[in-house]
Amino acid sequence: MSSEQTPSTPPAPAGPRPRRLTYAAGLAALEGLALLVGGVWMLVLGLTGQPDDRQQAVTGGVTLAVLALLPLLAARGLLGRRGWSRGPAVITQLLALPVAYNLLQSDSVAIPAGIVLAVVAVTALVLLLNPETTRALGIRGPGNAGK
C-alpha cells in the first residue's frame with residue numbers, strides 16, 4: 001500500500017479555456033434555464049390555474065425543475081474544466097434529441113421549438129465530443145490512462 005494519496009479532484013489543465021468548452025457550457029446552461037423556467041411555469045399554472053389534473057401539473061413542474069439541475073451542474077463543471085462534467089452534459093443532449101423528435105412530429109407551434117432543440121443538442125454534442133474539449137477537461141481515452 002502506498003503512502004501517497006491521490007487528490008480528490010485532479011488539477012485543471014493549464015492554459016486558457018477553449019472557446020468550444022465555453023460554448024458547450026453556455027448551451028448546457030441555456031437548456032438548464034429553459035427546463036427551470038418551464039418547470040416553474042407548470043408549477044405556477046398548476047397551483048393558480050385550472051388544469052385538468054392539478055396533481056399532474058404540480059408533479060410535472062417539480063420534475064422539470066429538478067431535471068434542470070443536471071445541465072446546470074454540468075455547465076458549472078464545464079466552466080471549471082472538471083472532467084466529470086462532460087458525462088452529464090452529453091446525457092442531457094442525448095435526452096434532448098428524442099424530445100426534439102417528438103416536438104417535430106407534432107402539428108402545432110411546437111415544431112419550431114423542436115428545430116431549435118435539435119440544433120442546440122447536436123451542436124452541444126459536437127462541441128462536447130471535440131478532441132480539444134476532451135483535452136481541456138483532462139479526459140484521457142481508453143489505453144491512455146497511464147500516460
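Leaving aside its neighbours within four places in sequence, Leu117 touches Glu31, Ala96, Val99, Ala100 and Leu103, where contact means heavy atoms within 4.5 Å. Leu117 belongs to helix α5, helices being DSSP runs of H or I with at least four residues, numbered from the N terminus. Between Leu117 and Tyr101, which are 16 residues apart along the chain, the C-alpha atoms are separated by 9.1 Å.

This is a predicted model, in which local features need pLDDT of at least 70 and side-chain atom pairs count only at pLDDT 80 or more, while totals for chains, interfaces and linings use all residues. Residues are numbered from 1 along each chain as its sequence is written, and side-chain values use heavy atoms, with hydrogens and water left out.

The mean pLDDT (the predictor's confidence in each residue, from 0 to 100) of the chain is 88, and 87% of its residues reach 70 or more.

| Helix | Confidence in the chain | Mean pLDDT |
|---|---|---|
| α6 (residues 131-136) | lowest | 91 |
| α3 | highest | 96 |

Leu117 is also one of the residues that lie nearest the centre of the largest pocket, together with Glu31, Leu35, Thr92 and Ala96, in a lining of 17 residues. A pocket is an open set of points on a 1 Å grid, where a 1.4 Å probe fits, with protein on both sides within 12 Å along at least five of seven lines, and lining residues have an atom within 4 Å of a point. Its volume, the space filled by probe spheres set on the points, is about 430 Å³. Helix α1 gives the most to this lining, with 6 residues, and the lining divides into 13 nonpolar, 3 polar and 1 charged; Ala, Val, Leu, Ile, Met, Phe, Trp, Tyr, Cys and Pro count as nonpolar, Asp, Glu, Lys and Arg as charged, and the others, Gly among them, as polar.

Notes:
Helix = DSSP H or I, 4+ residues; strand = E, 2+ residues; numbered from the N terminus.
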